[in-house]
Amino acid sequence: MLVLGVDTATDFAVVGVTDDGEVVREVSIGPGPDGRPRHSEVLLPEIESSVDAAGGWSRIDRIAVGIGPGSFTGLRIGIATVRALAQAQNRPLAPVGSLAALARGIPEGGDRGGVLALPVFDARRSEAFAALFENGVVELWPPFVAPPDELAGRVQELDRAPLAAGDGALRFAAELEAAGATVAPPGNPIHRVVARQVCAVGEEAVEAPTDQIQPLYLRPPDAKRWRERDRGIPSG
């Protein structure tokens with residue numbers, strides 16, 4: 001199966017194609033010199049380059065798209081782009097949890113079997129998006145958002161130390177390590193979502209109609225919170 005994978009939940013635009021699990025092409029493009037993500041600038045050209053490397057749209061069996069949790073703007077750009085392409089090219093579409101995609105690669109950084117994979121994204125606002133997977137595959141905790149002390153409390157209750165990765169794991173490394181988690185060293189490639197893992201999760205996922213592919217935000221966007229604050233509505 002040839003799978004096109006796309007994820008824009010983090011500051012990186014992740015695009016690639018796999019053929020029965022083998023990488024045909026994959027890229028991960030970070031923020032520009034100004035520090036801002038470049039999803040709107042690079043996503044469509046990189047998708048087209050990846051599809052061309054696979055032999056054209058007619059050879060793509062499925063599109064896998066990361067639905068978050070993550071950046072509100074990034075997810076909106078990525079999902080809208082992929083939904084439009086899936087409709088235009090008549091290709092089936094499968095939603096992929098972005099934390100699940102990150103988790104799939106975490107056991108590669110472990111030195112033992114039975115790894116508890118703890119993918120953690122920096123959710124800003126002094127919070128983290130996280131989930132927990134056995135061997136990076138079986139979901140034990142569904143995605144949630146929490147401040148670092150709450151996440152650390154959940155880690156302390158585990159019967160063995162998880163291996164944590166992601167930009168949130170690096171930001172909250174002190175809290176996670178104090179709770180018993182092992183945080184992969186900075187610079188380890190398992191800290192980033194990569195296209196091959198998006199494709200791997202997407203190959204196993206259930207396809208859905210394009211209008212049912214929706215972002216997993218877990219909390220309202222800042223603009224909505226600001227409007228509610230200005231109207232005197234308590235957040236939560």
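Before we look at the model, one definition: contact means heavy atoms within 4.5 Å, and for directions, axes are lines fitted to C-alpha atoms, for helices over the stretch in contact, with angles that run from 0 to 180 degrees between N-to-C directions. Helices (H or I, at least four residues) and strands (E, at least two) are DSSP runs, numbered from the N terminus.

What we have here is a predicted model, in which local features need pLDDT of at least 70 and side-chain atom pairs count only at pLDDT 80 or more, while totals for chains, interfaces and linings use all residues. Residues are numbered from 1 along each chain as its sequence is written, and side-chain values use heavy atoms, with hydrogens and water left out.

Let me start with the sheet. Five strands form an open sheet with mixed pairing, in the order β8-β7-β6-β9-β10, where two strands count as paired if DSSP finds at least two bridges between them. At the edges stand β8 (138-146) and β10 (182-183), each with a single partner strand, so one side of each is left without a neighbour in the sheet. Strand β9 (residues 163-165) pairs with β10 in the parallel sense over two bridges, and A164 stands opposite V183 in β10.

Now to the helices on this sheet. Helix α3 (residues 98-105) packs on the sheet and touches β6 (116-122), β7 (128-134), β8 and β9, its direction making about 130° with that of β6. Helix α4 (residues 148-156) lies across β6, β7 and β8, and runs at about 155° to β8.

Next, the rings: the structure holds two aromatic pairs, where rings of Phe, Tyr and Trp (its six-membered ring) pair if their centres lie within 6.5 Å, with planes under 30 degrees apart counted as stacked, over 60 as edge-to-face and the rest as tilted. F72 and Y217 form a tilted pair, at 4.7 Å centre to centre and 35° between the planes. This pair links distant parts of the chain, with F72 in helix α2 (residues 72-89) and Y217 in the loop between α7 (195-204) and α8 (222-230), 145 residues apart.

The other pair, W141 and F144, is edge-to-face, at 5.9 Å centre to centre and 65° between the planes. Both W141 and F144 are buried, which is to say under 20% relative accessible area, with exposed meaning over 50% and partly exposed in between (1.4 Å probe, protein chains only).
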